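These are my notes from a first pass through one structure. I looked things up one at a time and wrote down what I found.

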Amino acid sequence: MLEITNLSKSYKTNQVLKNTNIVVNDGEMVALLGPSGSGKTTILRIVAGFIEANDGDVRIDGESILDLEAYKRNIGVVFQNYALFPHMTVRQNVEFGLKMKKIPPQERAVRVEEALKVVDMLTYAERYPNQLSGGQQQRVAIARVVAIRAKLMLLDEPLSNLDAKLRRQVRVEIKELQRKLKITTVIVTHDQEEAMTLGDRIAILNDGCIQQIGTPMELYEKPSNQFVAGFLGTPSINFFEIEKKNGRCSIEGITVPDSCMSDIMKKMPEGEYVLGLRPEHIQLSEHADGAFCIKVNASLVENLGSETLIYFQISGKKYCSKVSHTIRLEPGEEMMIAMDINHGVVFDKAGKNIRAL
């Protein structure tokens, strides 16, 4: 188990990590997700021993590792560029870490063989990195972690150098391998789809602070704040200005019938708020039970094969609806949208989910 407690890191006056707390359970994969500069790579580098923390602690199975040199931490790191030695064969690359640990030759050979079998690269053992695809190089990098029998695997943007199709394929392979190995893993990524696919849980960071930690669906359906809600989901969540006054609610100035108000909207105090509503919860319908229906005009239609995205405006602001691929609509055409407010999330003006307050 990996425990990160009150971890902080500053460079002169720039604090890049602020009292960060994360627990990664035995055999779990946790994704650190956030924009560039959010602090996710800094966490990884501190855990790996590449840089020092200003404050806090990092423990593996209850023992602090911050005073240990990087090579003594028994942590395997898979870098963004794989960091394979171009002049060495696959077998030699996997064996290199074992040589540094002074593992006897006979045991080295057994471990290398086992590791290459695990990642299905044994038949490529005598090839050089430039003779492998990006996905195959990634598997060799993981084989090195397997060979040294690391307690913890750290993945630093492992798929960013691959094209979209190969990225999806390797993503599945990494998840299958991690489950097979049952190795505790932390992956750093800025790709939300990657994080949601690979992570048993996701820790979302922004400006050096943890915004929320939870399963992919917990974060998607119950975001703690607007940042989390806006960072997850493709296309992005819609944010509507809402106001409650004299017991009535309005969305972008349009009064919502009492029968369409969600339970949280009925209970919340009067004032101004923001309603977050995913595109899939805005459908085309003349009438839908409990849904808030209004007429709008389609400004743009994107046919994506399996689904259709329809963009529209209310009060000059752009919004998006995700509907069935069978729906045919032309830009400029009038349509009736049904907003399922019960699936919405209400945030206060500070951006906090009011249900979480």
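Before reading any partner lists, I noted the terms: two strands pair if DSSP finds at least two bridges between them, and strands are DSSP runs of E of at least two residues, numbered from the N terminus. I also noted that the model is a predicted one.

**Entry 1: the strand β8.** I started with β8, residues 184-189, and its neighbours. Strand β3 (residues 29-33) pairs with β8 in the parallel sense, over five bridges. Within this pairing I looked up Val 30 and found Val 186 as its bridge partner in β8. Strand β7 (residues 152-156) is also joined to β8 by five bridges, and these two run parallel as well. Here I picked Asp 156, whose bridge partner in β8 is Val 188.

Is β8 enclosed or open to the outside? I found six of its six residues buried, so the strand is largely enclosed by the rest of the structure. The cut-off for buried is under 20% relative accessible area.

**Entry 2: the five-stranded sheet.** Next I traced an open sheet of five strands, with the order β15-β19-β16-β17-β18 and antiparallel pairing. Its edges are β15 (282-284) and β18 (317-324); each has a single partner strand, so one side of each is left without a neighbour in the sheet. I read an average twist of 50° from one strand to the next.

Strand β16 (residues 292-303) meets strand β17 (residues 307-314) in the antiparallel sense, over five bridges. I noted Val 301, which stands opposite Ile 310 in β17.

As a reminder to myself, strands of a sheet pair through backbone hydrogen bonds, either parallel or antiparallel.

**Entry 3: the four-stranded sheet.** I then found an open sheet of four strands, ordered β2-β1-β4-β5, again with antiparallel pairing. Which strands are at its edges? They are β2 (14-24) and β5 (63-64), and each pairs on one side only. Strand β4 (residues 55-60) runs antiparallel to β5, and two bridges join them. For Arg 59, I found Ser 64 as the bridge partner in β5.

Entry 4: I looked up Thr 89, which sits in the loop between β6 (75-78) and α2 (90-100). Why does Thr 89 count as buried? Its relative accessible area is 7%, and the limit is under 20%. Leaving out residues up to four places away in sequence, Thr 89 touches Ala 125, Glu 126, Arg 127 and Tyr 128.

**Entry 5: the chain overall.** Last, I collected the totals. The protein chain has nine helices and 20 strands. Its C-alpha trace spans about 80 × 45 × 35 Å along the principal axes. Of its 357 residues, 49% are buried. I counted contacts between residues at least 6 apart in sequence, and 67% of these join residues at least 24 apart. The chain exposes about 17,500 Å², and carbon and sulfur atoms supply 48% of that area. For the charges, I noted 44 positive and 45 negative, with mean positions 5 Å apart.

Terms used: Residues numbered from 1 in each chain as written. Predicted model: local features only at pLDDT ≥ 70, side-chain atom pairs only at ≥ 80, totals over all residues. Heavy atoms only, no water. Axes fitted to C-alpha atoms, helices over the stretch in contact; angles between N-to-C directions. Buried < 20%, exposed > 50% of the residue type's maximum accessible area, 1.4 Å probe, protein only. Contact = heavy atoms within 4.5 Å. Areas by Shrake-Rupley, 256 points an atom, 1.4 Å probe, with all protein chains shown as cover. Lys, Arg positive; Asp, Glu negative; His and termini not counted. Charge placed at Lys NZ, Arg CZ, Asp CG, Glu CD.
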